[in-house]
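Q: Can you walk me through the pockets and the core of this one? Keep it short.

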Amino acid sequence: MNNRRVVVTGCGVISCVGNNLADFWDSLVNGRCGLGKVTRFDTSEYRTRIAGEVKDFDVTKYMTAKEAKRLDLFCQYAIAASDEAMEMAGLPKELRGSGIDANRVGVIVSSGIGGLQTMSDQDRILQERGPGKVSPLLIPMMIGDLASGNISIRYGAGGPNLGLVTACSTGCHSIGEAFWDIKRDDADIMICGGAEASVVPLGMAGFCSMKAMSQRNDDPLHASRPFDLNRDGFVMSEGAGVLILEELEHAQKRGATILAEVVGYGATGDGYHITSPAPDGDGGARAIQMALRHAGLKPEDIDYINAHGTSTELNDKFETMAIKKALGDAAYKVAVSSTKGTTGHSLGAAGGIESIACIQAIRTGIIPPTINYETPDPNCDLDIAPNTARKCEVKVALNSNLGFGGHNGVVIYRKFE
């Protein structure tokens, strides 16, 4: 089983800084922030009035307007990102009859929250007009597994098909579990990642009531400031990040371009608190150590870490502790950046989007910066690649995500050789 190597052959992105891989990466490298005032609804009574909305998204590039009406926005984003990833991988949109065994192609594209806008809209109809007026599409539009379900139906993928929910670790865990599906010979190809569309009134209100989000409403471009001493909360965003994972020989036989290799995955629980990471970073550290063990790597082998780095006081402090605990002295020699200064926090999509940043760092030899870093925090004293992209060879990159409930996810990518 462990002789089966897993590689990445395609990536697709929908984000507040670009609706394709090229635009997304250009924004990250150049530190162009995609955050701004919320435009979709009145936020005048909200503590936080800023977010990372996806811009200029034309769903008719991917489906008819009629088809789009049957899908919540998170599913639309998931399909759009999957289409780009499939095209990049050189895979047909109709797998059956293509020469590829469709029953060996699986899907794990997950959402941390699911169809929150659909649920809110239909609850309003229930309250105002009664149960008989609620849409029969409420459930299939709302539930989070329907990103995977709809992608599977779209391409005719008959392999392992599921949706995971681990809050902000969702995308990361989806990629890690897809990795194991291929390793244990349950699939040859996995379409995997995360999608989210929670910049809606109920989502904003919930996070505002938790006082978890930044209140720099008059300066959205500088509101998300991971690891900075004066950070005051995260900025919610949305989008999707989807990878095509493939068994190495399968990819080589069909002449696919290999972008990177997936070599390690770690998943642990803090067992501590519903929203706060463990104060000593123990859960996150154990996830890193688990991923390193599966990868057969040492701490000093890591060249770059794309940290969860939410720009909240506790996350950034405890994540720094986790990295130090896991890597020891090597923690101070590795470049660590959080791209959430640019993209905001896309919740369940973060692991997919940020894994793509790791893969691009390997492919291009460029580490995207942690923007908006002005005042050092003694509790966050790692090399966080502040403000400016850095050119250096990246052979091994690690993506880390932490989720409410104490979920920790880590996936390690390596330059393919």
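A: Here are the pockets, then the nonpolar cores.
A: This is a predicted model, where local features need pLDDT of at least 70, side-chain atom pairs count only at pLDDT 80 or more, and totals for chains, interfaces and linings use all residues. Residues are numbered from 1 along each chain as its sequence is written, and side-chain values use heavy atoms, without hydrogens and water.

Q: What volume does the largest pocket have?
A: About 430 Å³. A pocket is an open set of points on a 1 Å grid where a 1.4 Å probe fits, with protein on both sides within 12 Å along at least five of seven lines.

Q: Which residues lie nearest its centre?
A: Thr275, Pro277, Thr312, Asn315 and Phe404, out of 28 lining residues. Lining means having an atom within 4 Å of a point.

Q: How do the residues of that lining divide?
A: Eleven are nonpolar, 14 polar and three charged.

Q: And the second largest pocket, what is its volume?
A: About 230 Å³. Of its 18 lining residues, Asp72, Gln117, Thr118, Asp121 and Val200 are the closest to its centre.

Q: Which helix gives the most to that lining?
A: H4, with four residues.

Q: New topic. How many residues has the largest nonpolar core?
A: It has 51, and Leu243, Leu245 and Tyr413 have the most contacts inside it. Core members are buried (under 20% relative accessible area, 1.4 Å probe) and joined through side-chain atoms within 4.5 Å.

Q: Which helix gives the most to this core?
A: Helix H13, residues 350-364, with seven residues.

Q: What does the second, separate core include?
A: Its 37 residues include Phe57, Ala81, Val109 and Ile151.

Definitions and conventions: Grid points are joined across faces, edges and corners, and a volume is the space filled by probe spheres set on the points. Ala, Val, Leu, Ile, Met, Phe, Trp, Tyr, Cys and Pro count as nonpolar, Asp, Glu, Lys and Arg as charged, and the others, Gly among them, as polar. Helices (H or I, at least four residues) and strands (E, at least two) are DSSP runs, numbered from the N terminus. Buried means under 20% relative accessible area, exposed over 50%, partly exposed in between (1.4 Å probe, protein chains only).
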